[in-house]
Amino acid sequence: MAALLEIKDLSTRFYTQGRVIKAVDGVSYSIEPGETLAVVGESGCGKSVTALSVMGLIPWPPGKITGGQVLYRGKDLLTMDPESVRQIRGKEISMVFQEPMTSLNPVLTIERQLTETVESHLDMTREQARQRAVEVLSQVGIPDPERRLDQYPHQFSGGMRQRVMIAMALICNPHLILADEPTTALDVTIQAQILALMKELSAEYGAAMILITHNLGVVARYADRVNVMYAGRIIERSTAKEIYGNPKHPYTLGLLNSVPRLDEIEKKKLEPIEGQPPDLGSDTPGCRFLPRCVYGDPETCGKDFPPQTEILPGHWVACYKSDQVHVKQ
Amino acid sequence: MTEPSASSPPSYSGALLRVENLKMYFPVTQGIVFQKVVGEVKAVDNISFFINQGETLGMVGESGCGKTTTGRCILQLTRPTSGQIIFEGEDITRFNEEQMRDVRKKIQVIFQDPYSSLNPRMTVGDIIGEGPMVHGITKSKTENLDRVKELLSLAGLPTNLHSRYPHELSGGQRQRVGIARALSMNPSFIVCDEAVSALDVSIQAQIINLLEDLQDKFGLTYLFIAHDLSVVRHLSDRVAVMYLGHIAELSDSLRLYTEPMHPYTQALLSAVPIPDPVVEAEREHIILQGEVPSPLNPPSGCVFHTRCPIATEICIAEIPQFLEQKPNHWVACHHALSDSNQANIDQLKSG
């Protein structure tokens, strides 16, 4: 199957206070129609910046996409003229942001915020757009949508606002949804509601979803494939089953050993990854994970960044020592 | 609506801390000059529990369930509306400020946000050393600095960090400073209010291990408040599940997972995703309908009845008592022992 979106060697940098921060440093991945791809990593690993780069939402200054391609159905979004990008963004590719409290405009009614995209992209009249808005609001599980349309964001709870955000993302029947930490600000019972809803609706609409999250549990429950990011690069990618069952990068293994599991019967001591993520402004050669890695040695890993190699069909790892990394039984 | 009887609060006299029938109602006022009270937010509504010396009691629940307010009442940062907080045999709700000063040395707190809980204009050394200095534990500046360095290394930080300011530190380092500050008074009891929630997983694991090591070393007692059930279960000996100002269920940490008796606990457990796609694919997922009602106008009877899958008429009419349904397993549910609930428990177990 042809990839719906293909990111090739994308680099995004931020120029601040005389320093260059390499937030995204040569990231490549692709997503196929209808699948759910998770991008997982800790704060500052570049997972959100990658999504914002795809959407063309990197503010200049200080940020700039310095290289690479973002191919949507074979056409490069980065070199396309702004008007054509506008035709795709919001209509065919839409985004759900993390903060339901700050991503809605507090002085516009829910109707206005929902119908703006439809009116500009689908050429509907005000009345048709309102009908469409009612339809989508009831699909995302908001009771009494007719009345709710005339209300303002402050009259909605956090979970309800996130439903509105999802409705906004779905209203133009997108082919691809970028969900950036869609449930991080929500309570777990609401998180379960929202994620189940997103999965169900993306299946119904046949839309692919890129789920950006730091929560390894959420990834395990909802994703088909997983990309693990560290310090601006993808360090491992494979199917969810493979990543959790047979992690081959020391960082992936370290992450899995760091999370307490709800189903642990006997208490095990957590095995944290020592140290901290590197400063993205410093230019050190070699593997970025080396200072925290228990497998690495400066001889092998300190010179060049390890290339991505396919160690098993569909399982790519950027590590010189991946043959030594095994899950403890 | 009937008042729940105060029968058999889960406590016994040997505990380090006992909380009995604690209520914390916040008044809701209207008007600017002539304020009148138009309602109450029942943040904590008649809860009782105890914590033994050296153990960790986890307190888990969603936003607005009253877990943080409970912690603040124990610290006497808010004076409770009614109820008793008995620390080392004495009811500290009756203490005046002078008497509290001594208690505050023994009860410390670690806050959630490592960014806002440290004074940006104080050096790390001042932040950690302020307590011992004020209470006269360290007599001179050099003695104070030695103490600060000792505390820094206990918290796993380099000792030369004392002259730095909080903005120079990472999130994990700041949380370690918060821990060093809590330890500075040699406390016996620490309230950890979402102490690891703001941290990334790899750093979170470091801090969890540090808290466990310190507990072993100093015989500390923790009240560990958090919304992340996996973390709470991992750290705690016993866990209390709160919902809308009430404790729904309290039992030891393993039993809470294997035999959750309250329908809310069951839903909460099933809502938390486990980081293993194979396990997740086979698990039963209970998706609760609706949202947590407003504590300003809580539902009658059992506060959970609006979202409960097994609620019946009695749940709307009567507040369930918090009873010891099995040894050391306290549940506030009319149907805790019913067949349908038992069937749910069995299903969760097999899944």
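The following legends describe close-up views of a predicted model. Residues are numbered from 1 along each chain as its sequence is written, and chains are lettered from A and ligands numbered from 1 in the order in which they are written. Because the model is predicted, local features need pLDDT of at least 70 and side-chain atom pairs count only at pLDDT 80 or more, whereas totals for chains, interfaces and linings use all residues.

**View 1. An open sheet of four strands in chain A.** The strand order is 2-1-4-5, with antiparallel pairing. Strands (E, at least two residues) and helices (H or I, at least four residues) are DSSP runs, numbered from the N terminus; two strands pair if DSSP finds at least two bridges between them. Strand 2 (19-31) and strand 5 (75-76) of chain A are the edge strands, each pairing on one side only. Strand 1 (residues 5-16) and strand 2 of chain A run antiparallel and are joined by 10 bridges. Which residue of strand 2 is the bridge partner of L10(A)? The partner is V27(A).

**View 2. The largest nonpolar core.** A nonpolar core is a set of buried Ala, Val, Leu, Ile, Met, Phe, Trp, Tyr and Cys residues joined through C-beta atoms within 7 Å. A residue is buried if 20 or more other C-beta atoms lie within 10 Å of its own, exposed if 12 or fewer, and partly exposed in between, with C-beta atoms placed from the backbone. The core has 194 residues, and those with the most contacts inside it include A167(A), V219(A) and V241(B). Helix 6 (residues 158-170) of chain A gives the largest share of this core, eight residues. In soluble globular proteins, nonpolar side chains tend to be buried together.

**View 3. The surroundings of V241(B).** Two residues are in contact if their C-beta atoms, placed from the backbone, lie within 7 Å. Leaving aside neighbours within four places in sequence, the contacts of V241(B) include V60(B), I247(B), Y264(B) and L268(B).

View 4. Most peptide bonds are trans. A cis bond, with omega about -15 degrees, joins W60(A) and P61(A), and the bond from P61(A) to P62(A) is also cis, with omega near 10 degrees. P61(A) is in the loop between helix 1 (47-55) and strand 4 (63-72) of chain A.

**View 5. A positive phi at N328(B).** This residue is not a glycine, yet its phi is about 60 degrees. N328(B) lies in the loop between strand 11 (323-326) and strand 12 (329-331) of chain B. N328(B) is exposed, with 11 other C-beta atoms within 10 Å.
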